[in-house]
Amino acid sequence: MEPVQNNPRQPWIVGVSGASGTPYAAAVLRGLIDAGESVDLVVSRASRLTLLDETGISFRDAHWRDDLTEWLGRGADGKPGVFRVDTAGVRHWAAGDLAAGPSSGSYPAKGMIIVPASTASVAGVALGLSKDLLQRVASVTLKERRPLVVAVRETPLNGQTLRHLVTLDDAGAVVLPASPAFYAGATHIQDLVDFVAGRALDAVGVEHGLYRRWEGELGGSRADGAGRSPS
């Protein structure tokens with residue numbers, strides 16, 4: 001019999017779907033890595049087209065770590081080399097690999113964040129379709145009563161999608177629209193992206209310093225010069 005591991009790896013799973021908003025995913029991934037968390041990554045086929053369109057980066061299964069490092073190094077404005085990120089704690093699973101570790105409830109994951117979440121992925125998870133690994137992992141996360149955050153990125157929302165979101169809320173997921181706030185003193189697009197990423201991390205209890213929190217003082221962000229614009 002193999003010895004029991006005292007400290008087994010227990011990652012957060014980040015699913016990236018095909019909605020516009022790949023900078024949100026990058027900010028969440030950087031936040032988890034900066035917090036010392038292990039991360040499992042699932043990048044859907046549709047999201048690779050969005051990533052290519054929004055950043056010019058081709059995400060390839062055979063070269064995923066190089067592509068991920070380049071992606072996470074970019075600012076929300078597309079400028080390369082803004083961030084330095086150590087991806088050693090990240091594990092990648094191909095979107096079509098339904099035999100992947102996270103497809104089973106026995107896999108020791110902490111929970112999942114889908115960011116950005118397209119309306120198609122919202123529908124698939126709400127209906128329990130499990131047509132790809134991202135949807136399957138989300139279904140497993142719900143059935144195991146683990147935290148699931150769905151950062152939906154679409155506007156306007158029709159009635160069908162709203163009903164799917166209510167279904168996810170009823171199932172225990174956190175529905176988190178990718179809706180930046182302005183009270184934190186944003187001076188750069190990165191500040192707006194980081195606000196949404198920070199709220200997603202708040203929802204799963206991961207500590208971060210991505211945005212200025214409200215402290216009950218009107219105009220506080222202007223007084224203290226808040227804003228985290230990258231140089």
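Helix H1 (residues 22-34) has 13 residues, which at 1.5 Å a residue should span 18 Å, and its end C-alpha atoms are 18 Å apart, in agreement. The expected span is 1.5 Å times one less than the number of residues in the helix. Helices (H or I, at least four residues) and strands (E, at least two) are DSSP runs, numbered from the N terminus. The model is predicted: local features need pLDDT of at least 70, and side-chain atom pairs count only at pLDDT 80 or more, while totals for chains, interfaces and linings use all residues. Residues are numbered from 1 along each chain as its sequence is written, and side-chain values use heavy atoms, with hydrogens and water left out.

Of the 13 residues of H1, 11 are buried, so the helix is largely enclosed by the rest of the structure. Buried means under 20% relative accessible area, exposed over 50%, and partly exposed in between (1.4 Å probe, protein chains only). The buried residues of H1 include Thr-22, Tyr-24, Val-28, Leu-29, Arg-30, Leu-32 and Ile-33.

Eight salt bridges occur in the structure. A salt bridge is a side-chain nitrogen of Lys or Arg within 4 Å of a carboxyl oxygen of Asp or Glu. Side chains of opposite charge can pair when their charged atoms come close. One of the bridges joins Asp-40 and Arg-9, at 2.8 Å from N to O. This pair links distant parts of the chain, 31 residues apart: Asp-40 lies in strand E2 (residues 39-43), Arg-9 in the segment before strand E1 (12-16). Asp-40 is buried, at 0% relative accessible area. Arg-9 is partly exposed, at 32%.

Another salt bridge pairs Lys-110 with Glu-37, whose closest N and O atoms are 2.7 Å apart. Lys-110 is partly exposed at 28% relative accessible area. Glu-37 counts as buried at 19%.

Arg-199 and Asp-202 also form a salt bridge, with closest N and O atoms 3.1 Å apart. Both lie in helix H7 (residues 189-203), three residues apart, and are therefore separated by about one helical turn. Arg-199 is partly exposed at 37% relative accessibility, as is Asp-202 at 22%. Together with Arg-213, these residues are linked in a network of salt bridges.

Ser-44 is located in the loop between E2 and helix H2 (45-55). Its relative accessibility is 5%, so Ser-44 counts as buried. Beyond neighbours within four places in sequence, Ser-44 is in contact (heavy atoms within 4.5 Å) with Val-16, Ser-17, Gly-18, Ala-95, Asp-132 and Leu-134.

Backbone geometry was also examined. A cis peptide bond joins Val-115 and Pro-116, with omega about -15 degrees; Pro-116 is in strand E4. Thr-155 and Pro-156 are likewise joined by a cis peptide bond, with omega about -10 degrees. Pro-156 sits in the loop between strand E5 (148-152) and helix H6 (159-170).

Ser-130 is not a glycine, but its phi is positive, near 50 degrees. Ser-130 lies in the loop between helix H4 (119-127) and helix H5 (133-143) and is partly exposed at 22% relative accessible area. Arg-145, also not a glycine, has a positive phi of about 60 degrees. Arg-145 belongs to the loop between H5 and E5 and is exposed, at 69%.
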